[in-house]
Amino acid sequence: MASREDFKSFIPSNKIIPELTIKAVLVGALLAIILGSANAYLGLYAGMTVSAVIPGAVMAFALLKPFKGTILEVNIGMMGAAAGEALAAGVIFTIPAIVLLGTWSEIHYLETTIIALLGGILGVLWMVPLRRALIIKTDLPFPEGVAVAAVLTTTVGGGEVVKSDKGGSGVSGVWLIVGALSAALFKFGQVALKTFSGAIHGVIDIGKFSIGGREESGVFYGGVASSPALLGVGWIIGPKIASFIFVGGLLGWVILAPLIALATGLPSPGTESQITDALVLGAGNFESGKMIWGFHQIWGEYIRYVGVGAMVVGGLYTIFKLRTNLSQGIKEAIAGITGGQVKAKKRTDQDLNFKFVFLLIGVLTIPVFLLYGWVSSQWVISGVMAVFAILFAFVASAIAGYMAGLLGSSNNPISGVTVSVLLITSLILLGFGLSGDVGAYGVAILIAAVICCAAAISGDVLQSLTCGQMIGATPRNQQIAEIVGILAAAPILALVVSALDKAYGIGSTNLPAPQAFLMAGIVKGVLGGGMVWPFVLAGAVLAFVLILIDLPVLPVAIGIYLPFTLVIPIFSGGIIRHITNKLIERKYGSAEEEQISEWELAIKQTDVKPKEKIIRTGLLLTAGLIAGEALMGVIVAFLIIGGIDLAIFEYPPMWPGLLVWMFIAVLLAYIPLRDLFADKE
């Protein structure tokens with residue numbers, strides 16, 4: 001496994017420029033509140049959040065530019081934004097489930113704030129000893145970290161914030177702008193104006209089959225989400241990882257789901273509003289919408305649990321594979337605690353004091369214990385589960401961090417990690433004899449909520465720390481900025497979720513909270529009976545088989561867990577990158593010759609060779625695609641909050657969006673290679 005010990009950052013480690021300043025911290029705290037609140041609503045409304053790493057960097061850049069902020073100050077502002085968004089995901093995926101289960105009649109402000117604070121701070125603290133193991137000692141791509149570093153080094157520069165159209169590398173920064181504008185306009189037309197749908201998908205009948213003495217129609221579901229950002233993610237992570245994700249999607253959606261539909265028939269759709277949602281997403285007609293929702297029910301009730309089973313085993317195996325790196329991190333931490341760490345570190349390798357970190361982790365056990373005891377009145381069980389929450393937050397953070405490094409924060413299936421945590425938590429509580437009542441349900445959610453907040457934070461922390469490693473930030477300052485963002489966002493998030501519940505009602509058509517419904521179903525399934533254990537075990541067995549034949553588990557598990565429409569654009573981006581690599585090899589020789597990492601290319605300013613220029617152009621273009629879609633997602637979230645409806649069509653057409661998306665895909669293939677084509681002419 002590769003190491004990045006000798007990586008030369010954009011700002012040299014021996015150079016000191018303003019970084020953890022009051023203005024940068026205040027901007028970070030403000031963005032944590034704004035983006036956290038927007039994502040809390042978006043997650044409860046649509047079941048997804050938008051990663052704030054890139055939007056946060058762009059907004060921090062805009063706010064700090066009048067004050068002549070440096071690139072490292074912009075990075076600090078971004079850390080706060082990332083903290084708010086990540087914490088929002090941890091809160092909205094779990095806390096509303098307590099209301100849905102009937103344990104609470106409304107959102108409890110104080111308990112929610114305490115859970116968000118404890119889980120968020122715990123996630124940052126566990127990332128301190130894990131930072132070197134997951135960022136420096138591995139070759140994980142960290143696509144959003146690479147993208148935001150390319151954005152900052154191209155537009156900000158090395159000193160004061162300055163407007164720049166070109167990086168010093170001879171690679172025009174205009175491609176960053178082209179990518180951002182293309183993706184932003186596309187997203188606005190799709191989500192705000194609704195001039196076209198965000199996906200094209202449908203179900204086809206492939207003939208009659210005799211099953212158990214009866215004839216059933218064989219059906220197949222397929223489609224593609226027309227997302228420029230996912231194209232960019234696929235391009236950055238490369239064809240190999242993208243292919244494994246695609247294999248997982250094929251296994252879940254093309255093999256297992258049709259077999260279940262063939263054997264049992266498609267389930268009846270839940271509500272007419274769900275079918276209407278399918279029409280808005282591009283189902284075409286009402287009957288097609290019913291069939292699509294039938295397939296999504298099969299995925300939600302069965303297939304995704306295969307992915308969860310594979311994630312649990314794959315995540316634990318990943319930690320096992322990283323045991324050397326993790327043990328080195330723990331040894332460094334112990335050396336720091338005992339005072340044996342005497343070797344001076346360079347600025348770009350300085351973390352928070354290990355003694356302080358582990359002392360604070362230990363101290364956090366007390367408020368976690370008191371919170372669980374206060375809510376459940378089960379003090380002995382609360383003591384055991386408090387220790388479990390602290391320790392398992394380490395495991396969950398490591399798994400979530402690894403997946404974020406593999407796929408990026410926006411596409412990191414953190415809900416899959418949360419489901420895994422809920423499964424284990426519920427089984428432990430079942431062993432203690434808690435089952436079948438709303439009180440036990442609430443305890444399970446509260447325990448998992450702390451761990452989920454920690455895991456959600458870890459992914460965004462690692463993307464931000466990766467960007468910081470590339471541009472030359474001080475990890476300790478970044479970690480402090482992340483904690484400040486959590487302290488700013490947690491009280492406001494609890495207020496926002498409570499206000500949204502009172503205004504719309506969690507679980508209503510105006511605030512469906514799909515992820516919280518999933519978590520509530522998991523707890524009911526385990527503590528109340530009826531959990532689909534065969535599918536979880538099938539996923540675990542699949543993971544063991546992949547391990548035995550030496551294939552990566554987590555990309556396949558992610559492919560099974562994600563909706564098939566999201567898998568396709570990631571794979572498409574990987575295909576485009578494969579074509580790009582092959583044409584580079586044909587023109588300039590093997591890719592292994594004079595190999596340069598994407599980390600180096602993203603920040604390289606001088607002496608860029610022709611084939612390096614092709615890849616850097618692609619990196620800037622894909623960074624723009626990711627940034628534009630993410631930033632517009634946040635803007636549209638605010639439009640939704642403000643009640644501004646700009647929709648042109650009630651049921652937007654499918655094909656225009658797909659054609660524009662395909663045109664963007666062609667641009668992604670052509671623009672980096674245009675000089676190569678010109679040479680041939």
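Begin with a residue at the surface: with a relative accessible area of 67%, Asp-550 is exposed, because the cut-off for that class is over 50%. Its place is in the loop between helix 18 (533-548) and helix 19. The phi of Asp-550 is near 60°, a positive value in a residue other than glycine. In general, most residues other than glycine have a negative phi. Another residue with a positive phi, although not a glycine, is Lys-68, where the angle is near 55°. Lys-68 sits in the loop between helix 2 (53-64) and helix 3 (71-92). With 53% relative accessibility, Lys-68 also counts as exposed.

The model is a predicted one, and it contains 24 helices and 2 strands. Of the 681 residues in the protein, 60% are buried. Among contacts with a separation of 6 or more, 83% are between residues 24 or more positions apart.

The buried residues run from Leu-554, Pro-555, Val-556 and Ala-557 to Ile-558, Gly-559, Ile-560 and Tyr-561.

One partner of helix 19 is helix 8. Two packed helices are described by the angle between their axes and the distance between the axes. For helix 8 and helix 19, the axes come within 6 Å and cross at roughly 45°. The two helices are therefore oblique to each other, and their crossing is right-handed. On the helix 8 side, the contact is made by Ile-241, Phe-244, Ile-245, Gly-248, Gly-249, Leu-251, Gly-252 and Trp-253. Helix 19 supplies Pro-555, Val-556, Gly-559 and Ile-560. Sorted by class, this contact has 8 nonpolar, 4 polar and no charged residues.

Helix 8 (residues 228-264) also packs against helix 23 (residues 655-670), where the axes come within 10 Å and cross at roughly 30°. That angle makes helix 8 roughly parallel to helix 23, because angles under 35 degrees fall in that class. The crossing of helix 8 and helix 23 is right-handed. From helix 8, Pro-228, Leu-231 and Trp-235 meet Trp-661, Ile-664, Ala-665 and Leu-668 of helix 23. The residues of this contact divide into 7 nonpolar, no polar and no charged.

Trp-235 has a further neighbour in Thr-580. Thr-580 is found in helix 20 (residues 564-588). Is Thr-580 buried or exposed? At 0% relative accessibility, Thr-580 counts as buried. Leaving aside residues up to four places away in sequence, Thr-580 touches Trp-235, Ile-614 and Leu-673.

Cys-452 counts as buried at 2% relative accessibility, and Cys-453 counts as buried at 1%.

Notes:
Residues are numbered from 1 along each chain as its sequence is written. This is a predicted model: local features need pLDDT of at least 70, side-chain atom pairs count only at pLDDT 80 or more; totals for chains, interfaces and linings use all residues. Side-chain values use heavy atoms; hydrogens and water are left out. Axes are lines fitted to C-alpha atoms, for helices over the stretch in contact, and angles run from 0 to 180 degrees between N-to-C directions. Helices (H or I, at least four residues) and strands (E, at least two) are DSSP runs, numbered from the N terminus. Angles under 35 degrees count as roughly parallel, over 145 as roughly antiparallel, 65 to 115 as roughly perpendicular and the rest as oblique. A crossing is left-handed if the near helix is turned anticlockwise from the far one by less than a right angle, and right-handed if clockwise. Contact means heavy atoms within 4.5 Å. Ala, Val, Leu, Ile, Met, Phe, Trp, Tyr, Cys and Pro count as nonpolar, Asp, Glu, Lys and Arg as charged, and the others, Gly among them, as polar. Buried means under 20% relative accessible area, exposed over 50%, partly exposed in between (1.4 Å probe, protein chains only).
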